[in-house]
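Here is a friendly walk through one structure, with the cut-offs spelled out along the way. Please have a look at the model first.

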Amino acid sequence: MIKISGLMKAYGSVNALSGVDLSVEPGKITGLLGPNACGKSTLIKAVLGLVIPDAGEIQVAGQQVGADCTYRHQIGYLPQIPDFPAHLRVNELLLMMEDLRGKKPDPARTQRLVELFELGNALKRPVGVLSGGTKQKVAALLAFAFDPPILILDEPTVGLDPLAATRLKEIIQEAANHGTAVMLVTHIVSEIEQLVS
């Protein structure tokens with residue numbers, strides 16, 4: 001689903017990516033493990049079309065990144081630090097995502113995610129008043145609710161309490177078991193050991 005060949009990106013004299021080759025396949029969890037400032041975020045941004053590489057090629061679901069942004073509809077993205085408009089309520093964020101994706105999430109799936117992450121009381125609250133951990137749960141809800149064929153998860157358990165982190169790992173594994181191509185980006189070795197297939 002994601003194929004990266006010879007990807008290179010430099011910021012001045014700093015090489016963020018030097019000839020990266022990577023394949024993320026359906027039904028598998030592909031892990032990217034590395035310390036801070038090793039280029040993981042630059043790689044994600046390049047896949048999402050937010051950073052233009054200096055060289056190399058990225059294909060997502062057979063479509064070359066850069067020509068057309070519609071490939072992004074295939075991706076569920078869970079950022080390390082969610083940044084949503086503070087005045088929007090969580091249920092309004094879901095509606096906004098419906099508009100952006102041009103499709104509605106499955107109601108049963110959405111309800112299950114709301115229950116798993118205990119977000120029932122947060123749905124009608126503005127994002128700006130939510131704790132960091134709750135914002136991370138909301139970001140997970142938005143990433144998974146539309147059942148995308150590709151998931152890009154950037155440090156997905158950061159800020160989550162142990163129970164929520166365990167539940168998120170279970171959902172990640174379920175997604176892979178059902179054929180989703182998962183890119184898991186982390187610096188936590190135990191997460192790679194638990195999840196990468």
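Predicted model: local features only at pLDDT ≥ 70, side-chain atom pairs only at ≥ 80, totals over all residues.

Residues are numbered from 1 along each chain as its sequence is written, and side-chain values use heavy atoms, with hydrogens and water left out.

Let's begin with Lys9, found in strand β1 (residues 2-11); strands (E, at least two residues) and helices (H or I, at least four) are DSSP runs numbered from the N terminus. Lys9 has 15% relative accessibility and so counts as buried, a word that means under 20% relative accessible area, with exposed meaning over 50% and partly exposed in between (1.4 Å probe, protein chains only). Not counting residues up to four places away in sequence, Lys9 touches Val14, Asn15, Ala16, Leu17, Thr42, Val51, Ile52, Pro53 and Asp54; contact here means heavy atoms within 4.5 Å.

Thr42 is also one of the buried residues of helix α1, together with Lys40, Leu43, Ile44, Ala46 and Val47. Because 6 of the 8 residues of α1 (residues 40-47) are buried, this helix is largely enclosed by the rest of the structure.

Helix α3 has the buried residues Thr110, Leu113 and Val114. They line one face of the helix, because they fall within an arc of 100 degrees seen down the axis of α3; the arc is that of the directions from the helix axis to the C-beta atoms. Their cover includes α2, α4 and α5, whereas the face turned away from the buried side carries the exposed residues Ala108 and Glu115.

| Side chain | Backbone atom | Distance |
|---|---|---|
| Lys9 | oxygen of Ile52 | 3.1 Å |
| Asp106 (oxygen), capping the N-terminal end of α3 | nitrogen of Ala108 | 3.2 Å |

Now for the nonpolar cores, which are sets of buried Ala, Val, Leu, Ile, Met, Phe, Trp, Tyr and Cys residues joined through side-chain atoms within 4.5 Å. The largest has 38 residues, of which Val138, Leu141, Phe144, Leu153, Leu168 and Ile172 touch the most other members. Elements giving two or more residues to this core include α3 (107-116), α4 (132-144), β7 (150-154) and α5 (162-177). Another core, of 22 residues, lies apart from it and has Ala46, Val60, Ile152 and Ala181 among its members.

Notes: Polar contact = N/O pair within 3.5 Å; in protein donor to acceptor, adjacent residues only side chain to side chain.
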